[in-house]
Amino acid sequence: MSNLQNPLLLPKLEIICQSIYVYRAKSFSSIKGGLHDLVSSKGKTHDLELSSDPVTVISDALSRVLVYYYPLAGKLKRDSDGELRLNCNSSGVPFLSASANCELSSLDYLDGVAFEVAKPFVFDWPGEDDDGRHPLILQVTKFSCGGFTVGMGLSHSVFDGAGASQFYRAMAEHATGKTEPSVKPVWERERLVGKPTKTPFQNPIDKSSLATSPHLPFAEIEHGFFNVNSETIKRLKTSLMKECGDEFTTVEALSAYVWRSRFRALQFNSDGKTVFCLTVGCRGRLNPPLPDGYYGNAWIDAYVTIMGKDLNEGPLSRVRKLIKESKKIASSSDYLWNSINMFERMRRENKKMEMDNATLIVTDWRQLGLVEEIDFGWKGPGFITIL
């Protein structure tokens, strides 16, 4: 039984994060002799027919990588004392094999498709039973063209984005013949257990001072995709450079632009406050640092709060600068540990950090390694979508 007593593990993280990875059909024309052998942990080989079956390859890889990531075969359960625990009972990982009688191209490889179209390719396991709920769920769907999708549901209580990427890469390594992951997983959740602050928690922002929108709240949340190409980003950064002259990152520039655009589109009142929140990874920033292979939650939020009028009418370069400064503050070890200690107090008092419609939250997935080539033997995914 492993205790998930991590102050970064607030109630908002008790969700299953679902993602779908799209792989095009495999070509054997470049394989010498037309054969492709995959060595298993038992020393056996799979012939061409079996190794071209993604269900066989991925289910076999999963079974072997779970030797290292054995907690993922357990069950999550919140006990009577309020603590969330992972029971390493070898319950197993739900794995669904499915078939679609269409080609991936007919769905545009799931690039920008509606939520209702993508949802069948990652399944929802029925809710919690007496033993708890599964932290990992997988679905492999084969298409008539020979391509396939991998739908993965991961508990945010167990992983963060970097941890999920580490696990997915390890599974791909086993699928292509390796007998152990290149990065050995490390549990050690106790490293991020803080000491509760003596001062009672108070929400840093008075909710009554926040800006409001006549269009919010929505009756339903919709998923949307906006493709921002490199030329558009270059124009934005060039415009900001003319305003301020100093260096900045793509995520800082885009975040400032999206924040202001959302504020204007939803017609927030300018005499209210608006909040920007950016998730910042803290693996290499803590003192002492976390060990390589740690796959639990290790991130913190960087906040900016300004008046709506300043966001709407002020120079965008100033907004970008405030975002940059907030990242720098949130990256310090003192800020991280102070936040962890505050979260520990919140956890013990069952308090929540309340978010409002005036808050925009941004997460940058580009550095997680998921959008790079993760090869199960079919080359890297052609597209990744988040549900």
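Colleague: Which strands does helix α4 lie across?
Modeller: Helix α4 (residues 161–175) lies across β2, β8 and β9, at about 140° to β9. Contact means heavy atoms within 4.5 Å. Axes are lines fitted to C-alpha atoms, for helices over the stretch in contact, with angles from 0 to 180 degrees between N-to-C directions. Helices (H or I, at least four residues) and strands (E, at least two) are DSSP runs, numbered from the N terminus.

Colleague: What are the ground rules?
Modeller: This is a predicted model: local features need pLDDT of at least 70, side-chain atom pairs need 80 or more, and totals for chains, interfaces and linings use all residues. Residues are numbered from 1 along each chain as its sequence is written, and side-chain values use heavy atoms, without hydrogens or water.

Colleague: What about α2?
Modeller: Helix α2 (residues 54–65) lies across β7, β8 (136–143) and β9 (148–155), at about 165° to β8.

Colleague: What is the strand order in the open sheet?
Modeller: β7-β8-β9-β2-β13, with mixed pairing. Two strands pair if DSSP finds at least two bridges between them. The edge strands are β7 (95–100) and β13 (383–386).

Colleague: In which sense do β2 and β13 pair?
Modeller: Antiparallel, over 4 bridges. I20 has T385 in β13 as its bridge partner.

Colleague: Switching to α6 and α8. At what angle do their axes cross?
Modeller: Roughly 125°, and the axes of α6 (residues 250–265) and α8 (residues 316–330) come within 9 Å. That makes α6 oblique to α8. Under 35 degrees is roughly parallel, over 145 roughly antiparallel, 65 to 115 roughly perpendicular, and the rest oblique.

Colleague: Which residues meet there?
Modeller: Among them, V251, Y257 and W259 in α6, and L316, V319 and I323 in α8.
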